[in-house]
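Please keep the sequence and the model at hand while reading.

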Amino acid sequence: MQKIKNIAVIAHVDHGKTTLVDQLLQQSGTFAAHQEVEDRVMDSNDIEKERGITILSKNTAITYGDYKINIIDTPGHADFGGEVERVLKMVDSVLLLVDAQEGVMPQTKFVLKKAISLGLIPIVVINKIDKDGAEPDRVMDEVFDLLVALEANEEQLEFPVLYAAARDGYAKWNLEDENKDMTPLFEAILEYVPSPEGSADNPTQAQVFTLDSDNFVGKIGVSRIFNGRVKKGDEYALVKANGEKSVARVSKLIGFKGLDRIEINEAEAGDIVAIAGFADIDVGDTVADKNNPVALDPLHVEEPTLSVIFSVNDGPLAGTEGKHVTSNKLRDRLEKEMETNIAMKMEPMGDASFKVSGRGELQIGILAENMRREGYEFLLARPEVVVKEENGVKMEPFEHLVVDVPEEFQGVAIEKLGKRKAEMTSMTPMPDGTVRIEFEIPARGLIGFRSEFLTDTKGEGIMNHSFIEYRPYSGTVESRTQGALVSMDTGEAVAFSIFNLQARGVMFIKPQDKVYDGMVIGESARPGDLEVNPLKGKQLTNMRTSGADDAIKLVPPRIMSLEAAMEWIEDDELIEVTPESIRIRKKHLNAIDRRKAIRDKKNAS
């Protein structure tokens with residue numbers, strides 16, 4: 001019987017989860033002495049490396065003494081809450097990381113609430129104690145108060161606490177101990193993480209908590225074995241959430257060690273392995289003994305709260321930059337995503353468009369960014385919240401929002417959020433001269449707010465939010481006030497014309513960019529859209545005028561990233577996403593069609 005400990009690392013975004021896992025991997029001797037390892041090895045996806053965030057939960061296993069420790073690194077963003085929730089069902093304890101300066105944040109509350117409700121006892125690690133503004137004692141009190149507020153039981157309130165600086169590779173039991181290595185943390189895991197329940201002699205029960213796919217073996221289910229054994233080549237029953245059963249042979253069994261996946265022949269109760277051979281395996285399914293199939297409780301997955309329409313690019317520049325441009329290609333790619341990402345849903349809408357629902361703008365934006373890098377070209381509409389009806393009452397999702405702003409900007413932040421139907425619940429001055437303000441706000445009110453908030457706080461504000469619940473609909477919410485500068489002609493933009501348009505607002509284009517009739521080329525300084533001509537050159541005569549030919553000075557354009565464009569657009573606009581560019585355009589390219597649409601909307605309301 002193997003000695004196994006299963007643990008998940010949970011924390012708010014950027015509190016150091018992946019860096020901590022790096023150190024545990026290195027100090028446990030999992031990597032060979034000559035092996036070269038990069039920073040944040042667990043962030044494998046390009047976007048994760050660029051942004052320094054974890055998007056998908058990853059598992060790794062380390063050996064320490066005669067124990068095998070399975071560690072799951074979870075995402076810290078609220079948009080990926082579905083991942084965290086499933087992972088917690090698979091482990092016997094959690095390492096809760098809290099930043100020694102920032103303290104308890106919304107996502108800390110969100111993930112800890114899930115862990116407490118499952119009866120897990122946290123091992124609290126107060127990280128980044130080497131920061132100048134670190135206050136480990138205050139943060140320790142905050143964690144205790146949070147556990148009390150989450151109605152933790154006596155046993156959970158007796159949690160062990162360690163102090164660490166993961167970047168420098170040390171953890172210690174007391175602040176006055178010397179900074180050595182991670183040994184105290186390894187000791188805490190061996191001492192406080194309960195050994196897995198269940199026995200290798202019982203009938204087999206394993207549950208799938210995340211999916212992977214391989215071109216050769218098809219779908220792979222990463223699963224925790226709760227009872228019995230799983231052997232390569234044996235037949236097992238797959239029990240679906242709706243009770244359907246099918247029998248198949250395990251074609252491949254994969255174990256984890258460090259960053260490597262190793263093929264194994266057998267695994268037993270308590271271990272985490274990847275199982276291949278079941279064509280329709282899904283998250284939450286149970287792999288069970290074929291003679292006595294007993295299903296485990298199905299996993300609850302949070303409902304999506306935001307949806308976006310993906311559609312085929314039908315603009316004048318369609319197909320000039322992307323490889324995959326047809327609706328069939330778009331459908332296949334989205335279906336492939338839905339296979340492994342269960343927190344998202346997709347439904348075809350007819351007329352070559354697809355409605356994709358997820359947990360937030362970031363989650364959908366990352367899917368779009370990945371597709372763009374793979375050579376897809378498509379249009380994105382403005383994100384909308386998923387509205388439900390309960391007993392005849394219209395319900396919408398509400399979020400718990402926490403903003404940290406310098407004192408001089410607190411007034412403008414409260415005023416702007418008030419217009420977006422936010423209700424302030426608390427306000428706390430922080431030791432570093434900032435103020436932490438908490439709100440409850442309709443999820444609609446947050447669409448497009450981040451960029452405005454950063455401008456208002458001169459880039460110093462920090463905002464974080466997590467889903468609370470569905471509540472009755474709260475009426476209209478104010479959104480973007482400025483209009484758009486819309487091109488009235490098709491061709492290449494000219495410097496002379498852009499120079500003259502600069503006074504009208506902020507430009508999104510530079511000279512020689514391709515533009516077309518109905519494309520948005522800038523943000524107007526005033527409300528209401530303005531049709532302009534960016535192609536107009538200078539009228540030349542054969543008479544020279546003194547001083548008229550001075551070099552024109554252009555203000556650099558505002559470069560719109562995919563997320564910025566998703567926040568900026570209104571209901572009558574679309575984003576054209578191609579591997580090379582991100583453009584914003586009107587839904588109706590023709591000016592007459594746009595006026596008709598506005599008139600119809602007025603008459604309808």
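## Cores and packing

This is a predicted model. Its largest nonpolar core has 62 residues. Those with the most contacts inside this core are Ile126, Val143, Leu147, Ile275, Phe278 and Val287. The table sets the two side by side.

| Core | Residues in core | Members, among them |
|---|---|---|
| Largest nonpolar core | 62 residues | Ile126, Val143, Leu147 |

What does Val287 touch, leaving aside residues up to four places away in sequence? Its contacts include Ile275, Phe278 and Ile281. Thr204, Gln205 and Ala206 are touched by Val287 too, as are Tyr236, Ala237 and Leu238.

Now to Gln207. This residue sits in strand 8, which spans residues 205-214. Is Gln207 buried or exposed? Gln207 is buried, because its relative accessible area is 4%, and the cut-off for buried is under 20%.

Helix 12 covers residues 449-456. Its buried residues are Phe449, Phe453 and Asp456. They lie on the same side of helix 12, because they cover an arc of only 65° around the axis. Which elements do the buried residues of helix 12 pack against? The partners are strand 24 (393-406), helix 10 (410-419), helix 11 (443-446) and strand 27 (462-472). Just after helix 12 comes Lys458, with a positive phi of about 55°.

Notes: Residues are numbered from 1 along each chain as its sequence is written. This is a predicted model: local features need pLDDT of at least 70, side-chain atom pairs count only at pLDDT 80 or more; totals for chains, interfaces and linings use all residues. Side-chain values use heavy atoms; hydrogens and water are left out. Buried means under 20% relative accessible area, exposed over 50%, partly exposed in between (1.4 Å probe, protein chains only). Helices (H or I, at least four residues) and strands (E, at least two) are DSSP runs, numbered from the N terminus. The arc is that of the directions from the helix axis to the C-beta atoms. Contact means heavy atoms within 4.5 Å. A nonpolar core is a set of buried Ala, Val, Leu, Ile, Met, Phe, Trp, Tyr and Cys residues joined through side-chain atoms within 4.5 Å.
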